[in-house]
Amino acid sequence: MADLLFTPAKIGPVELRNRTIRSAAFEGMAQDNNPSKMLRDYHVSVAEGGVGMTTLAYASVTRNGLSFKSQLWMRPEIVPSLREITDDIHRAGAKASVQLGHCGNMSHKSTAGETPLGASTGFNLYSPTPVRGMRRDELAPMARAFGDAVRTAKDAGFDCVEIHAGHGYLISQFLSPYTNKRRDEFGGPLENRMKFMQMCMEEVMKAANGEVGVLVKTNMRDGFKGGMEIPESLLVAKELERLGADALVLSGGFVSKAPMYVMRGPMPIKSMTHYMHPWWLKYGVKMCGKMMIPTVPYEETYFLEDAKKFRAELKLPLVYVGGCSTRAGIDRVLNEGFEFVQMGRALLRRPDFVNRLAAGEQEAGCDHVNYCIARMYSREMACHHCAGDLPPKLIRELDKLKAEAKK
């Protein structure tokens, strides 16, 4: 089974040269919502580094689904520059995927161009901003926007798309009882909370038309009391299988409520605020960051026990993500019957990690102190080992977190 890692496998109509996928970890490398040379260079380096498929992350299907200026906005105008990226990825022997989603309430009027939308009316403390619940007549056009984004991805030469239905973004906001307080046919019991997801998937599958692979990222747990738990999440996964998804990416966590449940480990607050602006946000996070973003201990393959419950109930290919940065961890996942392994931080630390694995190396060298995540909200994601000269105060913070992790 150890050799399984380097055998080909298919996602829908697409065959990958091996079982590794660069996860849709947000790069922060777009420029004014357009592709950039930095984005191209990073993904090409991962493709040249041996990965089976690399995923451009967190591309919004509409203008009002954007969280950042450094995020892609899928529209016909950027097809030529996206095609340059996919062509170069293909020349390196890898497949190309793009994650498509809508941030829902995780935005601000200054970015989204309007009051942020959500499943329900409320207030987003993280922006901070009021949030408007979507009207029923807005749901079908939004679902069609997901289909249009798939067509744009096809025109741009992507082999697969990954629909983001987890982590507390828009589709997830409809699924979770924590964010869905609607009193119409899209709220209440799970069968109602799934209706918006069903609408989106129907448009996605129609647009894909069997010509690209369709993955869906979905939560196994939201990661806090009052959110989705495994019994409901299993029903969601089974419905996605019924709707025709070619593979599921099993994840967990909620960016607005349990962000470190997704990634595990500490959030280095000094590193985060060092790059942050405006000033009031910087000082607010300095004062309240530890309370708002509490540490969740890191363990290798930290989602595996939950994911095994889904493997036992589902027939379609499953993609494991969460704490795979060693050969032992990767083999453990594949030996449990998962068809693919996604990696984010490991491939940020070493874009050629897959080639290194083939050569016999055992570890990516990731310290799991999340400096890469801390700076992602203000500038491009980068590993602290590769980011150049860091101020002494940040080095001290990261060294302290490494020492605490070893205790």
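In which strand is Tyr58 found? Tyr58 is found in strand β4, where strands (E, at least two residues) and helices (H or I, at least four) are DSSP runs numbered from the N terminus. Before I go on, please keep in mind that this is a predicted model, in which local features need pLDDT of at least 70 and side-chain atom pairs count only at pLDDT 80 or more, while totals for chains, interfaces and linings use all residues. Residues are numbered from 1 along each chain as its sequence is written, and side-chain values use heavy atoms, with hydrogens and water left out.

To return to Tyr58, its phi is near 55 degrees, a positive value in a residue other than glycine. Tyr58 is also buried, with a relative accessible area of 6%; buried means under 20% relative accessible area, exposed means over 50%, and partly exposed is in between, with a 1.4 Å probe and protein chains only.

Tyr58 brings us to Gln71, since Tyr58 is among the residues in contact with Gln71 once neighbours within four places in sequence are left aside, contact meaning heavy atoms within 4.5 Å. The others on that list include Phe26, Ala30, Asn33 and Gly65. Gln71 is found in the loop between β4 (53-60) and α2 (79-91), and with a relative accessible area of 1% it is buried. Its side chain has a polar atom 2.7 Å from the backbone nitrogen of Ser67, and the side chain of Gln71 also reaches the backbone nitrogen of Phe68, at 3.2 Å.

Let me turn now to helix α7, residues 195-208. Its 14 residues should span 20 Å at 1.5 Å a residue, and its end C-alpha atoms are 20 Å apart, which agrees; the expected span is 1.5 Å times one less than the number of residues. Among the buried residues of α7 are Phe196, Met197, Cys200, Met201 and Val204. What covers the buried residues of this helix includes α4 (136-155), β9 (160-165), α5 (170-175), α6 (190-193), β10 (213-219) and α8 (230-242).

Just after α7 comes Asn209, with a positive phi of about 55 degrees, although Asn209 is not a glycine.

Finally, the cavities. A search of the whole structure finds 2 cavities of 30 Å³ or more; on a 1 Å grid over the protein atoms alone, a cavity is a set of points where a 1.4 Å probe fits but cannot get out, and lining residues have an atom within 4 Å of a point. About 90 Å³ of space lies in the largest cavity, and the elements giving two or more residues to its lining are α14 (345-349) and α16 (371-376). The largest share of that lining, 3 residues, comes from α14, and the residues lining the largest cavity include Arg345, Asp367, His368 and Cys383.

The second largest cavity has a volume of about 40 Å³, and α5, β10 and α8 each supply at least two residues of its lining. Residues lining the second largest cavity include Ala165, Ser172, Thr218, Asp222 and Val236.

Methods
Polar contact = N/O pair within 3.5 Å; in protein donor to acceptor, adjacent residues only side chain to side chain. 1 Å grid on protein atoms, 1.4 Å probe; cavity = no way out; pocket = protein on both sides within 12 Å on 5 of 7 lines; lining within 4 Å. Points joined across faces, edges and corners; volume = space filled by probe spheres on them.
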